[in-house]
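I set out to look up a few residues and their salt bridges. My entries follow the structure.

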Amino acid sequence: MNTPNITKEDILNAFNFRHATKEFDATKKVSDEDMKFILETAHLSPSSFGFEPWHFIVVQDKELRELLKPVAWGAPLKLDTASHFVLGLSMKAPMVKHDSEYIMHMMKDVKQLPQEVIDMYSTFYREFQERDFDLDTDKKLFDWSSKQTYIALGNMMTAAALTGIDSCPIEGFHQEKAEALLKDKFGVDTDKYGLSFMAAFGYRKADPEFGKSRRNFEDIVTFR
């Protein structure tokens with residue numbers, strides 16, 4: 001495999017370029033090729049046990065965007081101006097519990113593991129849920145799925161920044177009302193999926209008023 005032609009400076013520049021874009025330039029659109037690239041980084045993202053407990057809905061329909069506004073107080077300006085608007089869904093307990101049909105499908109059909117490896121994996125995964133992380137409620141299992149889906153979100157935003165595309169992660173929504181809307185208007189089976197985040201992509205209307213602020217590196221990293 002060839003080494004990617006990208007430097008550490010390029011990556012840090014992208015992180016400095018990225019900011020939570022509040023308003024996008026509605027006249028500029030992310031190309032289909034670039035958006036597919038961003039979504040492919042989600043597709044290739046790692047997840048615990050490699051079980052990919054996510055789904056992403058790209059909302060381009062203006063009427064559906066309008067329907068999202070009343071349940072997403074942090075999103076109206078982005079819904080009006082973003083080139084692409086993504087809903088990050090995470091699997092709920094019926095999908096990711098250790099003995100679910102989906103988990104067996106992932107091991108048998110997607111990963112195509114031999115039966116002896118499936119048996120071993122199943123034991124590890126059950127012990128992980130029941131003993132190591134105490135994932136004994138539906139909420140805990142959904143929160144675990146959401147943690148995996150956020151890995152994909154981070155990778156999408158980084159990939160966007162590396163190609164000069166802006167983004168904004170959004171948690172400003174009423175989860176119960178938003179999921180009811182997804183069930184009613186988007187055809188989402190909310191017994192299987194819950195909404196973890198929204199994310200907008202496009203090109204900034206203006207540069208941020210203030211520079212990036214972070215705590216000192218030494219305040220967040222300890223070497224032992």
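I began with threonine 21, which counts as buried because its relative accessibility is 2% (buried means under 20% relative accessible area, exposed over 50%, partly exposed in between, with a 1.4 Å probe and protein chains only). The model is predicted: local features need pLDDT of at least 70, side-chain atom pairs count only at pLDDT 80 or more, and totals for chains, interfaces and linings use all residues. Residues are numbered from 1 along each chain as its sequence is written, and side-chain values use heavy atoms, with hydrogens and water left out.

I placed threonine 21 in the loop between α1 (8-17) and α2 (32-43); helices (H or I, at least four residues) and strands (E, at least two) are DSSP runs, numbered from the N terminus. Leaving aside residues up to four places away in sequence, I found that threonine 21 touches Lys78, Asp166, Ser167, Cys168 and Arg204 (contact means heavy atoms within 4.5 Å).

I then turned to salt bridges, defined as a side-chain nitrogen of Lys or Arg within 4 Å of a carboxyl oxygen of Asp or Glu. The structure holds 12 of them. I noted one between lysine 92 and glutamate 179, at 3.1 Å from N to O. Lysine 92 lies in the loop between β2 and α5 (93-96) and glutamate 179 in helix α9 (residues 175-185), so this pair ties together parts 87 residues apart in sequence. Glutamate 179 is buried, at 11% relative accessible area.

I also looked up aspartate 134 and lysine 140, whose side chains meet in a salt bridge at 3.3 Å, N to O. Aspartate 134 is partly exposed at 36% relative accessibility, and lysine 140 is partly exposed at 33%.
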